[in-house]
Amino acid sequence: MSVSFSDCFSDDLLCGKDSDIVFSNGGGGRGRGGDDLPECSSLDIDESIAALIEDERNFVPGFDYIERFQSQSLNAVAREESVAWILKVQRHYRFQPLTAYLAINYFDRFLYSRSLPQTKGWPLQLLSVACLSLAAKMEEPLVPSLLDLQVEGTNYIFEPKTIQRMEFLVLRVLDWRLRSITPFSFLNYFAYKLDSVGTFTAFLISRASQIILSNIQEASFLEYWPSCIAAATILCAANDLPNFSLVNAEHAESWCDGLRKDKIVGCYELVQKYAIALRPRRFPRVLPQVRVMTRASTVASSDSSSSSSSSSTSYKRRKLSNSWWSTTDDDRASSD
């Protein structure tokens, strides 16, 4: 089946001359104008976190987004498949959890603001690739080519110029606001509030990150804003440790102004369904503060560092046909 690209999208997407625009500071990149917190006093940091909570509503889909899935004006299954693909690629290339979350955030915000010609199929896949590409450019030091990014069971292979046009359309719909406020904006702060000594901070953040990604495929997760998700997942991670087994949503509400106990409880109950499967078999050990490095360990560390620095990431190259996209045999059969 032959589908004309211009039949499916407006001229916004086909404006090839604009697809070469690069990120500016206004686009929310690193450096000036970003959301990174400066080094300041504890009181200033508290106020900055409260300001993030106040502003986070600008980086989530509207309140009626979930209702569209319930009314089936948006296909929840198709969204789940798109999110699952993004997570597969994130694991394939070992992207940061934040990269996957940002890609899905762009995906949901775009769908809320702009309808696609089809609720499933190649339009959603093209949107998924474009959103993941943008997120990777924002967060990853090494980004695969647009062709190499299309791995892990894609049914269509899009030309780079097609993806670039879709990227530009996403940028316009999101008003270039890519430096989003996410649950990862709060994890370090909430972990410190819970464990100011820092003994279990790394475990709490790592575990909370796992829980976030394990829930993000569910559309019901979108009911909660980033700060609430961060508080609930840190709370869930803390309850796996005997030291913090009595910490509850009431404690979490006191971590910062703007948090609501009822929302934290609701989100906590949702993530608990999936957190059990991720529960560690053994609790992290608390090692002595004094570290002793032997000569053997130093040599081993040096060898390991040398080995890792000499290795390089190679990406599998894919060939692309002259058409707008390539389909699998199954797709060709069904279209015939």
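A residue is called buried when its relative accessible area is under 20%, exposed when over 50%, and partly exposed in between, as computed with a 1.4 Å probe on protein chains only. The structure examined here is a predicted model, in which local features need a pLDDT of at least 70 and side-chain atom pairs count only at pLDDT 80 or more, while totals for chains, interfaces and linings use all residues. Residues are numbered from 1 along each chain as its sequence is written, and side-chain values use heavy atoms, with hydrogens and water left out.

Of the 336 residues of the chain, 45% count as buried. The secondary structure comprises 15 helices and 2 strands, where helices (H or I, at least four residues) and strands (E, at least two) are DSSP runs numbered from the N terminus. Contact is taken to mean heavy atoms within 4.5 Å, and among the contacts in the chain with a separation of 6 or more, 81% join residues 24 or more positions apart.

The confidence of the prediction is given by pLDDT, which runs from 0 to 100 for each residue. Its mean over the chain is 74, and 68% of the residues reach 70 or more. Confidence is highest in helix α8 (residues 160-173), with a mean of 95, and lowest in strand β2 (residues 325-327), with a mean of 37. The pLDDT is below 50 over residues 1-38, a stretch that has 65 contacts in the model beyond near neighbours in sequence; it is also below 50 over residues 285-336, where 52 such contacts are found. Where pLDDT is low, the predicted coordinates should not be read in detail.

Helix α5 has 18 residues, and its end C-alpha atoms are 26 Å apart, in agreement with the 26 Å that it should span at 1.5 Å a residue, the expected span being 1.5 Å times one less than the number of residues. The buried residues of α5 include Arg79, Trp85, Gln90 and Tyr93, and the buried residues of this helix pack against α4 (65-70), α6 (97-113), α7 and α10 (201-215). With regard to α7 (residues 122-139), the axes of the two helices come within 10 Å and cross at roughly 35°, where axes are lines fitted to C-alpha atoms over the stretch in contact and angles run from 0 to 180 degrees between N-to-C directions. The contact is made by Ala78, Ser82, Trp85, Ile86 and Val89 of α5 together with Leu124, Ser128, Val129 and Leu132 of α7.

In the loop between α7 and β1 (156-158) lies Glu140, which counts as buried at 12% relative accessibility. Leaving aside neighbours within four places in sequence, Glu140 is in contact with Phe95, Gln96 and Thr99.

Helix α11 (residues 226-238) has 13 residues and reaches 18 Å from its first C-alpha to its last, close to the expected 18 Å. Because 13 of its 13 residues are buried, α11 is largely enclosed by the rest of the structure. Thr233 is found in this helix and has a relative accessibility of 0%. Not counting residues up to four places away in sequence, Thr233 touches Leu187, Ala208, Ile211, Ile212 and Val271; the C-alpha atoms of Thr233 and Ile212 are separated by 6.9 Å, although these residues stand 21 residues apart along the chain. Ser209, for its part, is placed in helix α10 and is buried, with a relative accessible area of 10%. Its contacts, with residues up to four places away in sequence not counted, are with Pro97, Phe184 and Leu187.
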